[in-house]
Amino acid sequence: MKIGIIGLGTVGSAIATALYNTGLVREMVLIDRDDKRALATSEDLGAAAAFGFDINIRPGNYRDLKGAEIVIVAAGANQLPGETRTDLLHKNAAVIRDIIPQLVKVADKNVKIIIVTNPLDVMVMLATELSGLPASQVIGTGTMLDSARLRALLSRQFSLSPASIDAYVLGEHGDSSVLNWSAATIGGLSIPEFVKQSKNSLTIAAKKTIEHRVRNAAYEIIKGRKATWDGIAAATANLVRCIAEDARRVLTVSVVENKIALSLPRIVGADGARQTLIPNMDASESRALKQSAETIKKNYVKLGRVK
């Protein structure tokens, strides 16, 4: 499989490493506005091939993306301490406006574009509009990482493996995200029924703490680490694997549907993210999801004319 990565900052470089470690990729083209950084990244990661998978890793330009099955866009400014994802809106929109037209000029018509740049959902909408590709082929990592954080926190709460927990975060990859408690299950049981049968505890206070930690995880990590990269790199690699292997897994990715990009459970395979599932939600979750959609729409409108 041939993969392209555009943007080799902290996140893009971590994604390149995560993809290398999957063993799925045979050719990786690395593009950055700083040619020296692209070369250095390809040399550093290329040396790792001596200890693992054989892979052709090289710096390149947009012409080198011809034949790539997946191109990952990780370019743009990262959140700084005290910034929200929305604070990045205009400067990262300019980045997407520069990248996507150049990409689609050379890319195959069946290419899958994965958007990692924040604010994620608005950038997915912008990239879809600019690319002219089917919405199913322009996929944001969405709330995959948020959902993983929710499962990790629940696993600690109940002393269980996260693999035993089925729980999703919906809506915006941002401050208006919606924790879908109504559809969360453990061993086929709702959370309240699991708590009852296992004689565990999930107080209102503990639940609110989990919600706060899911929504604020990025801010806390940025305070201590200046940036986030490992979690999103793992999520991106998982998304690439699902496409490459036609796994048809359900992931909370963000694609444009009904003129809005937000995260819902979607079946992801070789043809992209084509089928959306609507999970059970109580009235408050439904209202929160609508409010989340409105937040995304308002931010998209702030960009003005796309073309």
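Predicted model: local features only at pLDDT ≥ 70, side-chain atom pairs only at ≥ 80, totals over all residues.
Two packed helices are described by the angle between their axes and the distance between the axes. Helix α1, which spans residues 10-22, approaches α8 with the two axes coming within 8 Å and crossing at roughly 45°. This angle makes α1 oblique to α8, and the crossing is right-handed. On the α1 side, the contact is formed by Val11, Ala14, Ile15, Ala18, Leu19 and Thr22. These residues meet Ile232, Ala233, Thr236, Ala237, Val240 and Arg241 of α8.

The contact joins Asp121, Val122, Met125, Leu126 and Glu129 of α4 to Ile296, Asn299 and Tyr300 of α9. The crossing of α4 and α9 is right-handed.

Strands β12 and β13 run antiparallel and are joined by nine bridges. Within this pairing, threonine 252 has proline 265 of β13 as its bridge partner. The hairpin of β12 and β13 has two residues between the strands, and asparagine 258 adopts a positive phi near 55° in it. From β13 (residues 260-269) the chain can be traced to β14 (residues 272-276), and these two strands pair in the antiparallel sense over four bridges. Arginine 266 finds its bridge partner in threonine 276 of β14.

Salt bridges come next. Side chains of opposite charge can pair when their charged atoms come close. The structure contains ten salt bridges. One of them lies within helix α7 (residues 204-225), where glutamate 220 and lysine 223 are three residues apart, about one turn of the helix. The closest N and O atoms of glutamate 220 and lysine 223 are 3.7 Å apart. Glutamate 220 has a relative accessible area of 47% and is partly exposed, whereas lysine 223, at 57%, is exposed; the boundary between these two classes is 50%.

Another salt bridge links arginine 225 to aspartate 230, with 2.9 Å between the closest N and O atoms. Both partners fall into the partly exposed class: arginine 225 has a relative accessibility of 37%, and aspartate 230 has a relative accessible area of 44%. The side chains of aspartate 271 and arginine 274 also meet in a salt bridge, at 3.3 Å from N to O. In this pair, aspartate 271 is partly exposed at 31% relative accessibility, while arginine 274 reaches 52% and counts as exposed. Beyond these pairs, Lys2, Glu27, Arg58 and Asp64 are linked in a network of salt bridges.

Several backbone features in loops also deserve a look. Asparagine 118 and proline 119 are joined by a cis peptide bond, with omega about -5°.

Serine 159 has phi near 55° and is found in the loop between α5 (144-158) and β7 (165-166). With a relative accessibility of 66%, serine 159 counts as exposed, because the threshold for that class is over 50%. Arginine 248 likewise has a positive phi, near 55°. Arginine 248 is partly exposed, with a relative accessible area of 45%.

Conventions
Residues numbered from 1 in each chain as written. Heavy atoms only, no water. Pairing = 2+ DSSP bridges. Salt bridge = Lys/Arg side-chain N within 4 Å of Asp/Glu carboxyl O. Buried < 20%, exposed > 50% of the residue type's maximum accessible area, 1.4 Å probe, protein only. Axes fitted to C-alpha atoms, helices over the stretch in contact; angles between N-to-C directions. Parallel < 35°, antiparallel > 145°, perpendicular 65-115°, else oblique. Left-handed = near helix turned anticlockwise from the far one by under 90°. Contact = heavy atoms within 4.5 Å.
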